[in-house]
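Trainee: Could you take a close look at one part of this model for me, the aromatic ring pairs? I would like to see how they sit in the fold.

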Amino acid sequence: MNNEQDTSPNQADVHINKNKQKRLQLYGWIITLGGLLFGIDTGATNGSLSFMSKPDQLNLNASDEGLVTSGITLGAAFGAIIGGKLSDYFGRKRVLMYSAWVFILGTLGCTFAPNALVMILCRFILGLAVGAESVISPVFLAELSTPEIRGKFVNHHELMIVSGQLLSYVINALFGVMLGSYRGIWRYMLAVGLIPEILLLFGIHKVPESPRWLVTKHQNNQALSVLEKIRNSKEDAKAEIVRIKQSLALSSKQKKATFKDLKIPWIRRLILIGIGLGVMQQAIGINIIMFYGTTVLSNAGFSHSAALIANISNGIISTLATIASIHLMGKIDRRKMVITAICGTTITMLAISILSVVLIKSPIFPYVMLLLMAIFLMFFQGGVSPIVWVLLSEIFPQSIRGMAMGIATFFLWLSNFLVGYIFPILLTNIGFSNTFIVFTVLNIFSLFYAIKFIPETRGKSLEELQSCFQNRHVNQSSDK
């Protein structure tokens, strides 16, 4: 009997801890509904574009198609920088809730767009929400999680992005193949996004505010209350509050960075690294596939219906590779994963450039192209994209995390826009093979950047990382 009495409290503690872990996971999945919308809305035109371009629909010309496709990423560039700044002032939760409303209004506008101008404008508005979400969600997830699970936790956001893109491809293929003759079918393809948007709008009310943000606003009791619900014990929660306060106290001794004043060398260096990470991620060329996968496969030799169906495999590969990266994230250093993955994307781009000349007239070329796209996606989604989002959520100090994340993500989305807009122009003017040579060169530059500048962050708390970056700069300054 005594033994039973001795062990029961431990069993109760384990039960409580599991409940807290489940609660934290629930919060994570609700937050990452924004990532699902990110994926659905950016992948929506990959398959629906050809239907809305018809003369009896929006009658889009080549320039219109480029703007409809990439307009969302241009909006996302501005949404990122605005959303990051707003989240520092008003909180992660509140701004994410407002973003859900913008998602809904933007999707409704796209669904009922009467002409190209309205469609482009609504895609830009939708992009504002996508950009804000892309900044807030990774930071929100990182600030709720612990160092041990942060990589996997934040990477759920990337998983939801690629899952949203896969969902978009499947819906477009089903509607396009089965109901392709139905007038205005593209409107139904776009309207599907309303379902997760409404779920996010209602679900975000169940999620607490970021404890780290609450501490920055001197709401320590509320922050402690949040942490007690998602940490193993009250002692752990109190210790974390102490660490956050110490980190903020250290930051307060430094001159705070703003848009007008980024003269603190170590902060400026981190923001430049963040900008480089965002540009690098997009320069590799992922959105050639995610935005124009159907177009690329059609150019390779597939019929339009076959290309729609084949494009689903790109979404499946992206999702599986992201799941694999979640399991690898806690076991392999971030730098090694990124550098290895970029080596893979570079070789794949080069192979596409060469084989598109050698096999262009061969009946097997469409299938070779599909295979190479799958290999590219395995490397990129398995080791580049998720790591970049995790790094961006980790490297910036608390006092400027939202703003700095916004700046870095602004350049990420601006690069995304340029890739999305320029690709069809390059394809038309310099041809299939030469276009992929251009992106091979960009991959090489990205590889050099990754080797030179990407820091290692695995296994360190956000406060430890901030201290490391500050001390590194101090040491470098003293060496001089």
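Mentor: F417 and Y421 are four residues apart in helix 19 (residues 401-430), so about one helical turn separates them. Helices here are DSSP runs of H or I with at least four residues, numbered from the N terminus, while strands are E runs of at least two. This is a predicted model, where local features need pLDDT of at least 70, side-chain atom pairs count only at pLDDT 80 or more, and totals for chains, interfaces and linings use all residues. Residues are numbered from 1 along each chain as its sequence is written, and side-chain values use heavy atoms, with hydrogens and water left out.

The rings of F417 and Y421 form a stacked pair, 5.9 Å centre to centre with 10° between the planes. Rings of Phe, Tyr and Trp (its six-membered ring) pair if their centres lie within 6.5 Å; planes under 30 degrees apart count as stacked, over 60 as edge-to-face and the rest as tilted. F417 is buried at 13% relative accessibility, whereas Y421 is partly exposed at 28%. Buried means under 20% relative accessible area, exposed over 50%, and partly exposed in between (1.4 Å probe, protein chains only).

F78 is partly exposed at 37%, and F124 is partly exposed at 27%. Ring pairs also link F78 and F124 with F410 and F411 into a cluster.
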